[in-house]
Amino acid sequence: MEQKILELLNGIYRVDLIKVEAVTNEMYRCTGVQGEYFARVTNYKGYDEQVEEVAYTNYLHKAGLGVSPTILSINGQEVEKIIINNKEVLTVLYEAAPGKHLSRKEWNADVLKALGRQIGKLHRFSRKFEETYPTRYINDWHQNEEYAFLKYIPEEETAIREVAHEVLTKIKNLPKDKANYGLLHGDLWLENVVVDRDLKLTMVDFQDCEKHFYAFDLAVPIYSAIEYSFVGGGNILEYGRSITKAIIEGYKEENDIANEMLEKIPLFIKLKEVFEYSLMHMYWNKEKLTEEQIRIMNHFRIRIENNYNLLDIEGLF
């Protein structure tokens with residue numbers, strides 16, 4: 001597969017690639033004479049939506065935000081159609097982001113404050129983008145299939161379905177306006193942030209960009225840090241409060257956000273938690289679950305059924 005993609009990319013881009021290796025089943029690291037690139041090869045979203053997404057990310061890059069720019073094809077296109085195994089797929093070629101993925105222990109308050117600044121800038125520029133280039137194909141969050149929780153969470157899991165329904169209802173009913181709702185990254189796991197030596201951050205993988213409450217883009221990295229980056233040496237509840245404080249302080253240096261929305265961050269974290277659990281039912285083969293998959297699902301079941309809150313923000317704002 002990698003050799004085929006190498007040949008196809010060299011045929012439609014003005015680059016001299018010498019090696020292509022899979023990072024995921026949709027993303028490929030490309031080494032070329034001119035430098036490093038990443039190619040996304042997927043039909044996860046349709047052509048028109050990918051074109052809008054790329055227009056958005058290129059706008060952010062030109063505005064000075066840490067976002068990887070795309071490489072135009074020889075046809076002058078940012079999203080190209082290619083044929084692999086008699087099937088048409090879409091590809092986008094990106095310049096590689098400078099820096100590296102940090103280890104878990106490196107996600108300290110300074111880095112997370114810098115991330116908060118980047119997210120604040122992201123939302124400021126997103127508002128300007130939508131004012132100039134209204135989107136037609138990028139969905140509001142709840143229109144995406146991944147949020148059809150009750151379609152995928154089994155009917156017998158009544159307690160979790162009740163939590164899922166309650167979370168969806170509460171967030172859908174929040175009042176929204178241009179100050180708190182708009183186009184955003186949508187999947188700011190810490191793995192989607194690359195950091196260089198000068199604490200310059202680049203956000204990658206905007207494939208899940210959507211229209212949502214801006215607070216959701218703050219909740220996801222907080223959730224990601226609590227879930228995957230805490231490695232002991234203290235109290236995890238205090239860790240959650242400290243990183244939340246750092247991200248919010250950084251965000252407020254670049255953008256305004258109402259305390260009413262900040263107080264909803266635990267609710268958005270719960271949305272992300274149920275989202276991840278629902279994805280397991282969407283994509284995992286329930287007839288062939290590994291021991292690790294069973295362990296993870298049970299871990300989520302216990303937390304969601306008991307309505308356990310990962311983050312305590314009382315008195316934080």
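Is K113 buried, partly exposed or exposed? I looked this up in the predicted model and found K113 partly exposed, at 23% relative accessibility.

**Entry: the K113 pair.** I then examined the partner of K113. The side chain of K113 forms a salt bridge with that of E253, at 3.6 Å from N to O. I noted that this pair links distant parts of the chain, 140 residues apart. K113 belongs to helix 3 (residues 109-132), and E253 to helix 7 (residues 236-254). E253 is partly exposed as well, with a relative accessible area of 44%.

Entry: For the structure as a whole, I recorded 19 salt bridges.

**Entry: two further pairs.** I looked up E145 and K151, whose side chains meet in a salt bridge of 2.7 Å, N to O. E145 is partly exposed at 35% relative accessibility, whereas K151 is exposed, with a relative accessible area of 58%. I next turned to K270 and E273, which form a salt bridge of 3.4 Å, N to O. Both residues lie in helix 9 (residues 265-283), 3 residues apart, or about one turn of the helix. I found both K270 and E273 to be buried.

**Entry: the annotated span.** I consulted the UniProt record, an unreviewed entry, which places the feature "domain: Aminoglycoside phosphotransferase" at residues 23-220. In the model, the end C-alpha atoms of residues 23-220 are 22 Å apart. I recorded 33% helix and 21% strand for this span.

Definitions and conventions
Residues are numbered from 1 along each chain as its sequence is written. This is a predicted model: local features need pLDDT of at least 70, side-chain atom pairs count only at pLDDT 80 or more; totals for chains, interfaces and linings use all residues. Side-chain values use heavy atoms; hydrogens and water are left out. UniProt positions are given in the numbering used here, feature names are shortened, and annotations may be inferred rather than shown by experiment. Helices (H or I, at least four residues) and strands (E, at least two) are DSSP runs, numbered from the N terminus. A salt bridge is a side-chain nitrogen of Lys or Arg within 4 Å of a carboxyl oxygen of Asp or Glu. Buried means under 20% relative accessible area, exposed over 50%, partly exposed in between (1.4 Å probe, protein chains only).
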